[in-house]
Structure formats: structure tokens, C-alpha cells
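This is a short report on one protein chain. Please look at the sequence and the structure before reading on.

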Amino acid sequence: DRNTDGLVDNLYFGDLGGQVWRVDLNNIVGTGTTNFGRITRLADFTAQKQRFYEMPTLTVHDQAGKRFGAVSLASGNRSFPLNKTNTSDNRIYVLHDYDLGAIQLFNSSFTPTDDLVETDLVNWTNIGEASVLNLLNRTTKGWYYILRRTNNNDETANTGTVKALNGYMAVANTTKFSDLYVSLYNPNDNSSQQPNSCSGGINGSSRTLKLCLPFGVCGDASI
């Protein structure tokens, strides 16, 4: 609901093929059926073999008087949580949707941002002053975090061992920043309750990862 009229204006969802979609709903009275809705493939991560089971989390931010949405979602093969032989690591993606604040969004002549790929984003490990500047001036369309550890050691790369299997939550911590919490599961991160002859035990363990929205850095007052 981008104009607080109590009606849904935009819907976001991911799919099991690694795609992220936005549906724009023009609910102004008198809008004809041909102009009522538009569906846009916001991003395509099929090359990274991602699976999105949970609905994205959307937070809205203002930067230099311009509003945009941060669409956060994470991947993981929920059908095979114990699998350690995938060909790509799971990821957390934060897409910056600048169309969300566009006044012309529902105009038939508006060209939406679509088909973002991973090269349009910055790897979280490379976020620094230069990359944040690219996020601020909107030449970079968001960032991603590769899921490879839940403890002090990295799992083998490109195995998909670490997975996001549950929903995620964003909590505002200031007027400009939010915290993103993602629950991760790692079948190699053994808990203290292991199987024995009398008990099924627990295979692997879950932990919560916190990241900072919208730029991947936490509490930088200069942004």
C-alpha cells in the first residue's frame, strides 16, 4: 500500500526457479481491466540455482528525498534440507526497488526495472565506501550475502549446505535503518543432542543471522 489508502498496490514473490516478481495493481476508481495490473520479473537468479520458498520481506526507505523499497529474500532447498551436494550456494538477496516510489509507476508508458541479475548487485563481502556510494547513486541495484557458514568455519563452496528454511523478519532500529533476521540451517553444524541407541537425536542446528538494511552496513550515520 504505497499511498496509505488501505488498498494493495504492489505484491512481491519469489519462486522455486530463482526468479523474483512484482505485481503492480492500479486500483484507482475507473481504471479499466486492461490497465489494472502489470507483472514484472524484478530479478532472475536461475543461473545461481536458487529456490525461494518464503515470501519476501519489504522495507521502505528514504534517501536524499527519494523513496525506494528493499526487497529481502533468502534461498534454501526445503525439500532436501540435509542435502550437501548442490552446485551453488544459497544466498540472501536485498534488491533495491526504485520503481516503488515512482509517481509514474502505473502509467502505460512507464518502463519498469526488470530482469536484474547477480552482476547488477554487490557481494556483501565487498561492501565498502565505493560500493555504498554506488548503492546511494543507484548504479548498483542491491546486494547479496552468500550462505556458507553458521559457525567459525566455512562449508565447502558451491554445495548449498547452509540453507534459509524459514521466514525472515525486518525490524526498524532507527528512522533510516532496519535489521534483517534470517534463520539458517546447517546439517554439518552439529548440536549437543546427537543420535544414540535410544534417541533419534538432532541432525544439524539452526542459527539466526542478522544483516542491516538497506545498504548492508550497520548504523553508519554518514549515509
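The structure is a predicted model. Its chain contains one helix and 11 strands. Following the sequence, the elements come in the pattern β-β-β-β-β-β-β-α-β-β-β-β. The chain has 223 residues, and 44% of them count as buried. The accessible surface is about 11,600 Å², with 51% of that belonging to carbon and sulfur atoms. Among contacts with a separation of 6 or more, 62% are between residues 24 or more positions apart.

Five strands make up an open sheet with mixed pairing, in the order E4-E5-E6-E8-E7. Strands E4 and E7 are the edge strands, each pairing on one side only. Strands E5 and E6 pair in the antiparallel sense, over six bridges. Across from Tyr93 in E6 stands Leu73.

The table gives the residue ranges of some of the elements.

| Element | Residues |
|---|---|
| Strand E4 | residues 57–63 |
| Strand E5 | residues 66–74 |
| Strand E6 | residues 91–97 |
| Strand E7 | residues 122–123 |
| Helix H1 | residues 129–136 |

Helix H1 includes Ser131. Is Ser131 buried or exposed? Ser131 has a relative accessible area of 10%. Buried means under 20%, so Ser131 counts as buried. Leaving out residues up to four places away in sequence, Ser131 touches Val122 and Asn126. A polar atom of the Ser131 side chain lies 3.3 Å from the backbone oxygen of Asn126.

Notes. Residues are numbered from 1 along each chain as its sequence is written. This is a predicted model: local features need pLDDT of at least 70, side-chain atom pairs count only at pLDDT 80 or more; totals for chains, interfaces and linings use all residues. Side-chain values use heavy atoms; hydrogens and water are left out. Helices (H or I, at least four residues) and strands (E, at least two) are DSSP runs, numbered from the N terminus. Buried means under 20% relative accessible area, exposed over 50%, partly exposed in between (1.4 Å probe, protein chains only). Contact means heavy atoms within 4.5 Å. Accessible areas come from the Shrake-Rupley method with a 1.4 Å probe; for residues, only the protein chains shown count as cover. Two strands pair if DSSP finds at least two bridges between them. A polar contact is a pair of N or O atoms within 3.5 Å; within protein, one must be able to donate a hydrogen and the other to accept it, and residues adjacent in sequence count only if both atoms are side-chain atoms.
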